[in-house]
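Take a look at the protein below.

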Amino acid sequence: MATFAKPENALKRAEELINVGQKQDALQALHDLITSKRYRAWQKTLERIMFKYVELCVDMRRGRFAKDGLIQYRIVCQQVNVTSLEEVIKHFMHLSTEKAEQARNQAQALEEALDVDDLEADKRPEDLMLSYVSGEKGKDRSDRELVTPWFKFLWETYRTVLEILRNNSKLEALYAMTAHRAFQFCKQYKRTTEFRRLCEIIRNHLSNLNKYRDQRDRPDLSAPESLQLYLDTRFEQLKIATELELWQEAFRSVEDIHGLMCMVKKTPKASLMVVYYAKLTEIFWVSSSHLYHAYAWFKLFSLQKSFNKNLSQKDLQLIASSVVLAALSVTPYDLTRGASHLELENEKERNLRMANLIGFNLEPKLDGREVLSRSALLSELVSKGVMTCVTQEVKDLYHLLEHEFLPLDLASRVQPLLAKISKLGGKLSSASSVSEVQLSQYVPALEKLATLRLLQQVSQVYQTMKIESLSKVIQFFDFSVVEKISVDAVKHGFIAMKVDHMKGVILFGNLGLESDRMRDHLTVFAEFLNKARALIHPPAKKASKLGDMLSGLAETVDKEHKRLLARKSIIEKRKEEQERQLLEMEREEESKRLKLQKITEEAEQKRLASEYEQRKTQRILREIEERELEEAQALLQEAEKRSKKKGKKPIAEGEKVTKQSLMELALSEQLRERQEMEKKLQKLAKTMDYLERAKREEAAPLIEAAFQQRLVEEKAFNEHEQQQEIEVSRQRHDGDLREKNRLVRMLDKKMIFQERVMNRRQAEYSRLRAEREERISQIIQSRKQEREAKRKMLFYLRSEEERMKKAREEEEARKHEEAERRRKEEAERRAKLDEIAEKQRQRERELEEKEKLRREALLGRPTEVPPKPSEPPTGGRPLEPGSAAPAAAAAAAAPASGKYVPKFRRERGESAVQAPPPEPDRWGSRGAPNPESDRWGSRQDDRPSQPSDRWRRDDRGSSFGSGGGSRSSTWSSSPRR
């Protein structure tokens with residue numbers, strides 16, 4: 001890791017590396033500088049470094065490096081200069097977008113400017129071979145090689161910027177702008193998968209914003225500017241979802257907008273609410289929720305009429321007509337009749353949820369079906385005056401379908417009105433927030449409603465009716481469709497009818513006679529009798545137990561209150577502990593993520609190597625799955641069409657649909673229909689068998705007569721045709737002979753021209769062949785020379801390596817011998833030095849003895865040297881007892897008198913008693929001290945011998961030559977204190 005004294009040095013170093021083509025090293029140098037803790041104070045140079053850093057990241061498509069750098073730079077300038085971070089991020093997104101556009105333009109130009117050698121050929125041979133092998137077109141390959149990597153990087157850029165700017169109150173506008181640009185990217189290139197991920201990312205950011213409210217730079221949603229930015233982002237998300245036809249994601253976007261409004265408890269502007277309800281109408285219409293679709297149209301009409309004063313009368317009329325037609329398109333009977341309790345509860349929750357989204361407040365205790373219903377909506381439309389704004393055709397249709405009783409003329413009077421209504425609609429003026437209104441989409445639902453009303457009215461008039469008569473009355477559908485509609489209506493209790501195909505009639509019944517009340521009349525009668533008996537003979541009242549319960553009620557309430565408080569505190573503590581654990585887990589996950597990020601970067605290169613094969617396999621599997629899914633979707637659409645005609649949905653809303661479930665559903669539906677069809681065919685085949693046999697018996701003589709007549713006619717016609725063919729062949733032969741005689745003159749010139757062309761082609765072929773052989777010989781010669789040079793180079797390198805190895809071995813052997821020689825010389829030198837030291841010490845001892853003898857001679861002592869205790873005397877006479885006695889007496893008397901005795905006298909007295917010591921140290925071999933001596937004598941006699949000090953001083957003295965002995969003598973003769 002390189003360190004720089006100043007950030008400017010790192011920038012200069014990076015530019016130098018870029019100039020020599022080492023962009024990776026330049027990027028690494030800048031990355032080390034940005035992530036270093038030494039440069040955490042913002043300065044202008046860091047901004048220039050970040051500009052250069054993001055340029056390198058974009059050029060090399062290093063998204064993870066860019067993310068790390070931007071996170072570190074956010075830490076630096078979050079509290080100092082957040083505008084700098086905004087400029088860097090804008091520059092980063094601009095570069096990524098520009099590179100993606102350049103790649104797309106380059107791919108288009110490459111596709112348009114293909115190099116075609118043969119203008120008469122449709123495709124090049126290599127293109128044909130590549131298309132057969134890969135199954136891709138040229139444009140697909142160019143997109144995969146050029147465009148797809150840059151699109152991936154651009155998508156990663158948007159995700160990185162959104163991740164960095166999330167929950168940042170100072171850069172809310174930039175966050176919103178990035179989200180809008182990401183939405184436009186998904187819309188422009190039809191990226192549905194990325195759009196779903198983008199919506200999920202933004203949704204998670206908002207949930208984290210509400211979850212962690214103690215963040216320092218958390219945006220305040222109660223502020224009008226922040227709320228407007230968040231709402232604009234969600235409305236843009238809703239628009240793009242509807243344009244991409246991602247209806248589930250659009251519905252989730254609507255829920256996000258509603259949740260945001262509930263969170264801040266503020267209603268957005270009327271223009272945004274108009275867009276909200278307009279998109280809700282599309283979503284509910286696609287999901288076949290016609291009731292909610294009508295309510296959404298009603299809210300949209302109310303907003304337009306109240307807040308849009310510039311709306312023209314024509315546009316208002318079209319919107320009001322859409323509201324009425326949407327309300328009429330709702331099925332006139334309850335689809336939840338006969339459902340289970342669980343299904344009713346789910347439907348109730350769904351009604352509450354949809355009512356909240358639409359803007360109707362319902363009480364959970366009330367039944368949602370009583371409030372959100374077709375009849376309630378139509379009554380509200382009439383009371384609010386919506387009917388006064390609609391067109392005359394819609395008004396007439398409403399009165400015919402809701403108020404008129406025309407059993408036989410209803411269809412004939414409704415059909416022209418529907419024809420006129422289908423032609424109404426179109427684009428609205430710019431003053432309206434709704435771009436377009438098409439009334440023709442309601443025509444199928446209105447035809448179904450007219451059919452139901454006609455069946456209902458006919459059932460009230462007739463008890464029996466022929467199928468042919470009913471088919472003539474209902475002009476919208478065939479009788480098979482009418483039968484499916486009637487089956488659904490009978491199932492939900494709208495009408496009572498039966499179809500008898502054997503007699504070809506329809507039997508209408510009475511709903512009152514077939515009601516649950518009439519079937520259970522005995523049970524109802526028994527309940528009424530019990531009520532009457534209870535009124536006549538009321539039961540005896542039991543004594544109240546309230547007095548017994550009140551005695552311990554206060555204590556029970558107090559205990560329950562304490563228990564609830566304790567439970568509440570335990571719950572709060574558990575919540576705090578859970579939040580703390582979540583925070584710790586998030587920190588651990590962040591550290592793991594950083595570690596995994598490094599591992600991922602290392603594995604990225606390996607992944608790219610196997611990416612082509614994986615993409616190829618995935619593409620094949622995807623094509624197989626798409627084909628299977630298309631087949632399953634086709635089967636599902638057919639099943640839905642059939643189920644819609646019967647009035648039931650094959651798949652419930654909100655249920656997760658998979659390919660396997662689609663296949664199973666379609667197969668089961670097909671199997672059921674096949675079984676029904678087989679039964680019908682068996683019955684029909686028996687009938688057709690009798691009819692066909694009768695027809696053939698009657699037609700046999702007629703066919704025979706017609707056959708004989710046709711034989712006569714065809715024989716005459718054949719003879720006439722043969723005569724004409726002979727005449728035409730004769731004329732054609734004469735013309736061919738004339739043409740041959742005319743062209744025979746050109747035969748010689750044709751042969752000459754052919755020979756000239758063949759000779760020229762032969763010469764060209766010979767010339768090209770000679771050139772090719774010469775070129776091949778040159779290539780062979782050059783390759784031989786290259787191989788020879790390579791062999792020589794290898795031989796030279798091998799021999800040079802052997803020579804260097806041999807030289808290294810010789811050098812090591814020489815060094816080993818030199819070390820051994822030095823070791824021997826060192827041992828010899830040490831032996832000589834020890835010998836010289838021993839001789840020096842011997843010489844010093846001799847000089848010391850001579851000096852001692854000289855001093856004794858000067859002081860008047862005998863000149864004989866006393867022998868060592870271990871050796872006999874070598875010369876001189878022995879000491880006399882008479883001469884030794886006075887010296888011993890003087891030596892003994894001196895310490896006894898308590899006076900100071902000179903050293904030479906004490907030595908002389910001692911020498912008279914004992915011989916001198918054989919060791920170099922004179923003081924170590926003295927006799928035991930006198931116990932009666934004074935402190936001076938005991939101080940000298942009690943001193944221990946110091947041979948080591950003496951030898952050390954002798955060694956030092958020996959290094960000075962002959963002067964050592966005199967120094968030792970002087971030191972020895974000095975008195976001690």
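Rings of Phe, Tyr and Trp (its six-membered ring) pair if their centres lie within 6.5 Å. The model is predicted.

Q: How many aromatic pairs does the count come to?
A: Ring centres must lie within 6.5 Å to pair. By this rule the count is 12 aromatic pairs.

Q: Is the pair of Tyr333 and Phe494 stacked, edge-to-face or tilted?
A: A pair of aromatic rings is described by the distance of the centres and the angle of the planes. Planes under 30 degrees apart count as stacked and over 60 as edge-to-face. The rings of Tyr333 and Phe494 have centres 5.6 Å apart and planes at 45°, so the pair is tilted.

Q: How many residues apart in sequence are the parts that Tyr333 and Phe494 tie together?
A: Tyr333 sits in the loop between α14 (313-328) and α15 (341-358). Phe494 sits in the loop between α22 (479-491) and β4 (497-500). Tyr333 and Phe494 are both buried. The parts their pair ties together are apart in sequence by 161 residues.

Q: What kind of pair do Phe476 and Phe477 make?
A: Planes over 60 degrees apart count as edge-to-face. The planes of Phe476 and Phe477 are at 65°, with centres 6.3 Å apart, so the pair is edge-to-face.

Q: Which residue lies over the face of Trp150?
A: A charge over a ring needs NZ of Lys or CZ of Arg within 6 Å of the ring centre. Here the distance from the ring centre of Trp150 is 5.0 Å, and the residue is Arg61.

Q: How many residues of α14 are buried?
A: α14 has 16 residues and reaches 22 Å from its first C-alpha to its last, close to the expected 22 Å. This helix is mostly covered. Its buried residues number 13 of 16.

Q: Which residue with a positive phi follows α22?
A: α22 has 13 residues and reaches 18 Å, close to the 18 Å expected. Its buried residues include Val481, Val482 and Ile485. After α22, with phi near 75°, comes Gly493.

Q: Which side chain makes a polar contact with the side chain of Gln456?
A: Gln456 lies in helix α20 (residues 443-461). Leaving aside neighbours within four places in sequence, Gln456 is in contact with Phe494 and Ile495. The polar contact, at 3.1 Å, is with the side chain of Arg453.

Q: Is His205 buried or exposed?
A: His205 is found in helix α9 (residues 192-211). Its contacts beyond four places in sequence include Leu162, Glu163 and Tyr175. Buried means under 20% relative accessible area. His205 has 6%, so His205 is buried.

Technical notes: Residues are numbered from 1 along each chain as its sequence is written. This is a predicted model: local features need pLDDT of at least 70, side-chain atom pairs count only at pLDDT 80 or more; totals for chains, interfaces and linings use all residues. Side-chain values use heavy atoms; hydrogens and water are left out. Helices (H or I, at least four residues) and strands (E, at least two) are DSSP runs, numbered from the N terminus. Buried means under 20% relative accessible area, exposed over 50%, partly exposed in between (1.4 Å probe, protein chains only). A charge sits over a ring if NZ of Lys or CZ of Arg is within 6 Å of the ring centre and within 35 degrees of the ring normal. The expected span of a helix is 1.5 Å times one less than its number of residues. A polar contact is a pair of N or O atoms within 3.5 Å; within protein, one must be able to donate a hydrogen and the other to accept it, and residues adjacent in sequence count only if both atoms are side-chain atoms. Contact means heavy atoms within 4.5 Å.
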